[in-house]
Amino acid sequence: MSARDSANAAASASSAGSDYSDDDDYAWIPWYCSLKGNELFCEVDPEFAQDSFNLTGLASMVPYFDYALDMILDVEPTEILSDDQQELIENDAENLFGLIHSRYILTSRGLQAMLEKYRLFHFGRCPRYLCRGQPCLPIGMSDVPNEEAVKLYCPKCEDVFHTRSTRHEQIDGAFFGSTFPHLFFLTFPELKPEKEREEFVPRCFGFKIHTTAYKASLDARKRAAEQQQLLEQQQMQNNTTGATAAGGAVASSSRPELMPPQDEKDKEKEKQRKK
């Protein structure tokens, strides 16, 4: 049983003996957006997903396009599907919804839906300390699917950050696109904060560190390393020269003393007798 079927079964069990007037509570879109980790998505208006103009070009990007669209719009399948087919269709439904979502949030209704989530801090806050908890918006680094996970855009420092939740790392950035946050603040300019100009100033013992201090420190480290290397080379040369001289002295001391020839000895003895 899939997660969707489990949710429906639980909902049916909990609703036994009571009447519900709103079937939208069990529709696929609100169910999917309510899942933990999917709080970045807004609920796409089903009428938007039913308009074929809004789906132009998506059929070639999703293999089981028709089945996936029927699942999103809660249209019961007309044929029996195997478990493997059902799993593939569910995956395609999630991808198709993400692609539809990236288009929907650029419409007036989609921007309004994202505005409500922005005001409730559903997208998180900027992790930069000097931005003082500025609310962020989701952004895609690319409009092409399967390239980058969704990121967070801070309108105050105008920088991009990783999301804090590991679940968001599995959400494709193309499901939000690179245009959305900028169009959002063009539509609601009163929400755009002034760019943060305060910068962190590194200090050491209370004194500001000069911009060239790190380079000067690195150059000093290199000079010290070069001097140490030169000293080691000189020491090796001195050790080699000393070893050569000591070897020559040992060779001289071990050389045998030259003895005069035997004839010279006899002549010397003869001279001594005559004397």
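**A guided tour of a predicted chain**

Visitor: Which does Ser 142 count as, buried or exposed?
Guide: Ser 142 has a relative accessibility of 15%. Buried means under 20% relative accessible area, exposed means over 50%, and partly exposed is in between (1.4 Å probe, protein chains only). Since 15% falls under 20%, Ser 142 counts as buried.

Visitor: What kind of model is this?
Guide: Residues are numbered from 1 along each chain as its sequence is written, and side-chain values use heavy atoms, with hydrogens and water left out. Local features need pLDDT of at least 70, side-chain atom pairs count only at pLDDT 80 or more, and totals for chains, interfaces and linings use all residues, as this is a predicted model.

Visitor: Which side chain makes a polar contact with the side chain of Ser 142?
Guide: Ser 142 sits in the loop between S1 and S2; helices (H or I, at least four residues) and strands (E, at least two) are DSSP runs, numbered from the N terminus. A polar contact is a pair of N or O atoms within 3.5 Å; within protein, one must be able to donate a hydrogen and the other to accept it, and residues adjacent in sequence count only if both atoms are side-chain atoms. The side chain of Ser 142 reaches the backbone nitrogen of Val 144 at 3.1 Å. Its side-chain partner, at 2.9 Å, is Glu 147.

Visitor: How far apart are the C-alpha atoms of Asp 172 and Ala 149?
Guide: Asp 172 is in the loop between S3 and H7, and it is buried, with a relative accessible area of 9%. Leaving aside neighbours within four places in sequence, Asp 172 is in contact (heavy atoms within 4.5 Å) with several residues, including Val 144, Glu 147 and Val 150. Ala 149 is 23 residues away from Asp 172 along the chain. Still, their C-alpha atoms are separated by 4.6 Å.

Visitor: In the open sheet of 3 strands, which strands stand at the edges?
Guide: Two strands pair if DSSP finds at least two bridges between them, and here the order is S1-S2-S3, with antiparallel pairing. One side of each edge strand is left without a neighbour in the sheet, because each has a single partner strand. Those edge strands are S1 (137-139) and S3 (159-161).

Visitor: Which residue in S2 stands opposite Leu 137?
Guide: S1 and S2 (residues 151-154) run antiparallel and are joined by 3 bridges. Ile 139 stands opposite Lys 151 in S2. The residue opposite Leu 137 is Tyr 153.

Visitor: In S3, which residue is the bridge partner of Leu 152?
Guide: S2 and S3 pair in the antiparallel sense over 3 bridges. Both faces of S2 are covered: Lys 151 and Tyr 153 on one side, and Leu 152 and Cys 154 on the other, are all buried. In S3, the bridge partner of Leu 152 is Phe 161.

Visitor: At about what angle does helix H7 run to S1?
Guide: Axes are lines fitted to C-alpha atoms, for helices over the stretch in contact, and angles run from 0 to 180 degrees between N-to-C directions. Helix H7 (residues 180-187) lies across S1 and S2. Its angle to S1 is about 140 degrees.

Visitor: What is the phi of Glu 158?
Guide: S2 and S3 form a hairpin with 4 residues between them, and Glu 158 is in the turn. Glu 158 is partly exposed, with a relative accessible area of 39%. Although Glu 158 is not a glycine, its phi is positive, at about 55 degrees.

Visitor: Does Phe 205 count as buried or exposed?
Guide: You'll find Phe 205 in the loop between strand S4 (203-204) and strand S5 (207-208). Phe 205 has a positive phi of about 55 degrees, although it is not a glycine. At 79% relative accessibility, Phe 205 counts as exposed.

Visitor: How far apart are the end C-alpha atoms of helix H5?
Guide: Helix H5 (residues 83-104) has 22 residues. The expected span of a helix is 1.5 Å times one less than its number of residues, so H5 should span 32 Å. That agrees with the model, where the end C-alpha atoms are separated by 31 Å.

Visitor: Which helices do the buried residues of H5 pack against?
Guide: Buried residues in H5 include Ile 89, Leu 96, Phe 97 and Tyr 104. The buried residues of H5 pack against helix H2 (28-34), helix H3 (46-50), helix H4 (65-72) and helix H6 (108-119).
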